[in-house]
Amino acid sequence: MTSSTPGRICLFGEHQDYLGLPVIAAAISRRIQIDATPTPELGFRLNLPDIGRTVTIPFDGSPLTYPQDRDYFRSAVNVLLRDGFTFSRGVLGEVHGNIPINAGTSSSSALLVTWLNVLTQLADQPRSLPPTQLAELAYAAEVLEFGEPGGMMDHYATAVGQVIYLESQPQIRLVSLEPRSPASRLGTFVLGDSQEPKDTIGILSRVKYGMLDILARIRAVNPGFSLHHSSLTDATEFKDSLTKDEYILLKGNLANRDILRDALTVLQADALDHRRFGQLLTDHHANLRDAQRISTPKIDRMLDAALAAGALGGKINGSGGGGCMFAYAPESPIAVADAIEQAGGRAYVVHVDNGTRHTL
C-alpha cells in the first residue's frame, strides 16, 4: 500500500493556539509518502533514503519501549495497541518526502499521520479511520506520549487537509473552510525555506511562557480580562504595570486575534478578496516580527523580496527564529520564487492540498 500526507502552513493564529485562541491553517502540496507491504516476520523496518537512515523495530506484540524521546515510529505502534489494534505480521516500508524538515511545515506530524495510516491498514483487523481520528491518534503519539508542549493544529491540518479553522477552548471545534465557489478559492503560495535552524525552545520560553506570566499577573488585578473578549483599548489599563516589551507582546496577541477574525470573514465570503487576504498575512507578520519577535533579518529580506516581486502578502511560518516563510502569490508565483531564492532562501511553489490518503 501507499500512504501520503501533506505538510501545512499556519495562515493565521501563529503563537495563539497555546493561549486557547483559534488558528487557521492550510495543507500544502509538499508531502511525505510511505510505500509499505506486510511481511511474515514480526517487526517493523523502514528505509529512509532521503536522509540515509534505516529504522528497525523488533516487536513481539507487547508495548514498545523508547530508546530515545520523540520516537514517533514506536509511539504510533503503542497508541494503536492501546486502541485495540494487533499486529501478527511485520511491515516493510520506504519513506520519501519533499516537506522541508525542521522548518515549521509540520514534517513530523505529516510523517506520523502517514505511518498511522499505514499501520491501521496493515493491522490484523484493518480499519479505515476518518482523518479526524488519525489526527487525534497522531496528537497522542507525538505530544501526549512524550509530554511535549503543543496543540492539535499540525495533526488536524495535515490529516484533514485543505483549509481548516480550529478552536481548542472551551472544547475542540474544527471547521473545514471549503471554498463557497471557484471565486472563493485560494490561489498559489510560495514557500521559502530560510535554511536557518529554528530556535523553538528559546522562542517558546520567551513568547509562550512570557505571555502566560503576563496573563497571570493581569488576572490577579482584573479577573475579567480575557484574550478572547477584551479589546486592544482594554489593554491600556495595564500599560504602567508592564514593561514596554510585555505591553507590546500583549497588544500583539490581541491584534493577531482580531486579524484572524477578519481573515475568517474573508475566507468565508462568496468571492475571495485576494488583496485583502494578502494584506492580513502581512499585518500578522508585522506583529510576529515586532511584538513576538520571532522573525529573523533573513526571513524579513525574503518577505520584502517576495512583495517587491508581486506577492500580495506573506508571513513567517511556524514557531520562528528561523525556518520558513511563505508568500501569497496568485498572480506571479515564479517571479516571487525567483526573488526569494535571490534573497538567499530556497523556494517552492505550492497550493492548498488534500489531507492524508492511502491506496491499496
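Guide: Lys298 is buried but has no salt bridge. Buried means under 20% relative accessible area, exposed over 50%, and partly exposed in between, with a 1.4 Å probe and protein chains only. A salt bridge requires a side-chain nitrogen of Lys or Arg within 4 Å of a carboxyl oxygen of Asp or Glu. Here the nearest side chain of opposite charge, Glu196, is 5.7 Å away; Lys and Arg count as positive, Asp and Glu as negative, and His and the chain ends are not counted.

Visitor: On what basis are such values given?

Guide: This is a predicted model, in which local features need pLDDT of at least 70 and side-chain atom pairs pLDDT 80 or more, while totals for chains, interfaces and linings use all residues. Residues are numbered from 1 along each chain as its sequence is written, and side-chain values use heavy atoms, without hydrogens and water.

Visitor: Which backbone oxygen does the side chain of Lys298 reach?

Guide: That of Ser194, at 2.7 Å. Contact means heavy atoms within 4.5 Å; beyond neighbours within four places in sequence, Lys298 is in contact with Ser194, Glu196, Ala343, Gly344 and Gly345.

Visitor: How much of the protein is buried?

Guide: Buried residues make up 55% of the 360 residues. Of the contacts with a separation of 6 or more, 73% join residues 24 or more positions apart. The C-alpha trace spans about 65 × 50 × 40 Å along its principal axes.

How values were computed: A polar contact is a pair of N or O atoms within 3.5 Å; within protein, one must be able to donate a hydrogen and the other to accept it, and residues adjacent in sequence count only if both atoms are side-chain atoms.
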